[in-house]
Amino acid sequence: MLILKAVSLGPLHGYGVLLRIQQISGNLLEIEQGSLYPALYRLEHQGLIGSEWGVSENNRKAKFYRLTPAGTKRLRVETEQWDLLSLAVRNVLGTVPEEV
Amino acid sequence: MLAQLRSLWSGIRRRDRMEDGMDEELRFHVEQYEADLVRSGVAPAEAKRLSRMRFGSLEVAKEQCREARWLRWPDELQRNVRFAVRVLRKSPGFTAVTMITLALCIGANTAVYSVVDAVLFRPIPYAEPERLAQVVTRVHAPGMDGINDDQDGAAWEALKHARSLEVAAELGLSVGVNLVAGRIPLCVQQTRITSGYFRVLGVPLQLGREFSEEEDRPGGPAAAILSHDLWMRVFAGDPAIVGKAILLKGEPHVVIGVARATFRPMTPADLWTPLRPSTTGEGGGENYIMTARVRAAFDWPQARSEAGSRGSASFHSGQFGPNAVARMDLLPLQEVRAGFLRTPMLVLWAAVGIVLLIGCVNIASLMLARGASRAREIGTRVALGGGRGAVVRQLLTESAVLSLAGGLAGIALGYAAIRGMTAVAEGYGIWQGLRLDLRVLAVMLAASLATSVVFGLVPAWRVSRVDVRAALLEGGSRAVAGRRSSWLGRTLVASEVALGLMLLIGAGLLVRTLLYLRSMPPGFDGRGVIAASVSLQDARYRDAGRVNRLYTQTLERIRSTPGVESASVGLHLPYERWLNIGVQFKDGPAAKTGWVNTTLNYVHPGYFKTLRIGLRAGRFLDERDTATSQPVCVVNEAFVRKYLRDQPAIGSHILMGNAAAEIVGVVGDVQQRPGLEGFGPIGAVYAAYVPATQFSGFELVHRWFSPSWIVRGSLPRRELVKAVQNAIRSVDHLLPLSRVRAIDEERDKALRMQRLSAALLATLAGLAMLLAAVGVYGVVSNSVVQRTRELGIRMAFGASVRQALLSAARPGVVMAGAGVLVGLGLAAALSPVLGTLLYGVKPGDPWTFAAAGLGLLFIAVLASVIPAMRVLRLDPARALRDE
């Protein structure tokens, strides 16, 4: 979900995805570098993200990932589910004795 | 799922590009990270180290990426296949034997299965075949239950207006008729059908329409429907043929339709004319085959019950014999069409399946022997950390590669056999052509893969239990061949022998049947006699006088040809199927028996002389018997044995129709193809002969049979045929000859089914025997190799060569003996299945059993002794030193 979100903000290469996730999570989440690529490949295999070769900021050949329509849909569904879950958890944790 | 498969496919197809891309991508990541680290102030050397460390193993990441794209599976498969091919190429002997075995087995299976499929499984080529039925009569009489395929006119009338059924009828045989196209007379095959025939089958016509009820009525307008083949062949595909008149059976018929090229009629025919069913004459007896379609709004049980109630009401009392109970019923057409071929097909299929099984067993035991010699390699692999699962997968891949290669070779072989058999099959009444279609192909590929599982699993299973330490040790020292490791192989080979013996006995019984049928005395001398038929189902030959004039005039001319010894005409010839009629006796004790069945032949004087049929009593029919003289007949010995035991045959009178014919002679039996129950494919059926001059039913019988001219002479065959041809042409130039043949060819035709099944089963049994012998040979020779040291020790201690030889060959002989015993038991249990195919020999025939058992035992002993002979060349000293 995090990868999908990162890619949804604009096409990125793998290293960019890593940086973007760290950046938008305010460095709270760190992703193990070696396991990023299998995850990307799995998402691409499932058709949720697409890829094409392009040129990076410092003019090197790099593979850029972007969200496919199926990926957009999946991101929306997962976001909704996550919101629901986190709302539920917050409600549970925020419950005070009188309300029961 | 679709996205995944697409991604997998593109991954496999553009593997190089994907690998390069992956490489590049990961490198980019690491270098970019390194650059960022440098930019944040880390020393370059430290940055390089750190970036590598943080990322972890590049190769592990790559492998995980590949797995994410599902590429691991094809990778391993590819590796396994490559390794398997390498391993197999390293042992060409083993590979060749296995592939040849498989190719032969799969080839035989492909060929036989294509026939079985054509006969039993392929849906009949009509619309909604599951709703089509044949109308049959189930007859139960004391001591005899039977199913009667034929129906009479009353049954037709009864079912014509059924609510749940649409029926169509045909004369169940095709008969030659004369067609004059241009100025050339041709003999073409005609079948007569009712109106609605094509509708019931659900087969549209190419042109025109089918017969109307008006045309299908006695005396209705003469009309014909052409087959596509005849239309193309004789009328050059004339698109305006419908509405034109053709000269058929001596009178003009209007062509009203043309069938499609794809139409496969149940009775092969060049053209169709209306059946014109009636309840008298032809329809007075059971001469029609009725096909029914269950109407859309009804189901089978409803249709069967209506056929039962309506149809059975049409039977007249005593129709099926004095004490018989009969009921009309429907049988699925698909089943009926397989007909008498059903049992031989199933037997053949089982036989070829057994051959495949033996082949598999053989390969399995070869694999097993190989597995033993590979135990060390596999032990090493397991010891080095190869997972057992991986080793088993590897072994299974090896057998799959073998079986697929062998299977493909076998299918190619089978394809060649099918092409060779296609022409033959048509002649054997296999009316749906043979072909290697996708169904057959799929079944055969599945079969060869299944074999790989069967023969690959056993060694693989053993590997999964291999004890690494023992394998490495035993492989090193090669001690005495373990008892434990050989029992499986021996059991396999013994079962091969048992199965092979079963086939051999089956084949032996069929061969004995054929020999018996061939050894039956023909009852005539067919050497130097030719026969030619002429269709007299012709408007110009309805009158007995004209038919007899044709016979007398043509025979006069033929007999006057120099070199012709004698000539005659008869409705039937030996080895053909004859007309069945009911007769009664006028005098003596036989008069009380009521109506009895006999076959009937009308003949011209000289028939018996030309065929050299023996006279047993009285006289032959001759020139004295004319249209106006006292009605007479001649009967054969079988007739006398069956009906006239208790009275003198000569002088008795037979009532046929309303005339009483006096028996003036008894002649020897000739073989016929019986249309009656209780005879084999050929037999000496009871028969009566009447003079053609006194016969009155020409119009009727010529609808079913074409009379034959027979000529005996010293001239070459071609000259004899020409004499007949010239004589007939000079009397009537519109009568073409058909079915010109030497009379002995009829016997081969009558027995072709028996010959074919005997030949096929014998071939399969031979193959099975060969495989079993190879199996025995393999096991014995393998054990000799394994026991070299042991035998060497024995001989060094003073065992004689004889003893060593016996000890080496014994396991083979013991296995074969056990296999033969089991095989005899199996064959005794299963041979009754062949019962309906056997004549002149009982299913449990002891001679066949003994001969087959001893024969196979002999071959097995031979196959054990030959490899054991290697012991003779064994030098004890060397055998001991070698280890």
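In this predicted model, the domain assignment divides chain B into domain 1 (2-70), domain 2 (143-322), domain 3 (341-518 + 752-882) and domain 4 (529-742).

The largest nonpolar core holds 163 residues, and the members that touch the most others are B:Val497, B:Val711, B:Leu764 and B:Ala768. Helix H16 (residues 483-519) of chain B provides the largest share of this core, with 17 residues. Because domain 3 (341-518 + 752-882) and domain 4 (529-742) of chain B both contribute residues, the core lies between these two domains. The surroundings of B:Val711 can be listed in detail. When neighbours within four places in sequence are left aside, B:Val711 is in contact with B:Val529, B:Ile530, B:Ile558, B:Val564, B:Ala567, B:Leu720, B:Ala723 and B:Val724.

Another valine of chain B, B:Val443, is located in helix H14 (residues 438-464). B:Val443 has 15 C-beta neighbours inside 10 Å and therefore counts as partly exposed, since a buried residue needs 20 or more and an exposed one has 12 or fewer. The C-alpha atoms of B:Val443 and B:Tyr113 are 8.9 Å apart, although 330 residues separate the two along the chain.

Chain A contains 4 helices and 3 strands, arranged along the sequence in the pattern α-β-α-α-β-β-α. The radius of gyration of chain A is 17 Å, well over the 13 Å given by the globule rule for 100 residues, so chain A is more spread out than a compact globule. Along the principal axes, its C-alpha atoms fill a box of roughly 60 × 30 × 20 Å. Of the 100 residues in chain A, 28% count as buried. Among the contacts in chain A between residues at least 6 apart in sequence, 41% join residues at least 24 apart.

The contact between the two chains involves 16 residues from chain A and 22 residues from chain B. On the side of chain A that touches chain B, at least two residues each come from helix H2 (14-24), helix H3 (33-45) and strand S3 (61-67). The largest share of that side, 8 residues, is supplied by H3(A). Sorted by class, this side of chain A has 5 nonpolar, 6 polar and 5 charged residues.

Notes: Residues are numbered from 1 along each chain as its sequence is written. Chains are lettered from A and ligands numbered from 1 in the order in which they are written. This is a predicted model: local features need pLDDT of at least 70, side-chain atom pairs count only at pLDDT 80 or more; totals for chains, interfaces and linings use all residues. The radius of gyration is taken over C-alpha atoms; the globule rule is 2.2 Å times the number of residues to the power 0.38. Two residues are in contact if their C-beta atoms, placed from the backbone, lie within 7 Å. Ala, Val, Leu, Ile, Met, Phe, Trp, Tyr, Cys and Pro count as nonpolar, Asp, Glu, Lys and Arg as charged, and the others, Gly among them, as polar. Domain bounds come from an automatic or database domain assignment. A nonpolar core is a set of buried Ala, Val, Leu, Ile, Met, Phe, Trp, Tyr and Cys residues joined through C-beta atoms within 7 Å.
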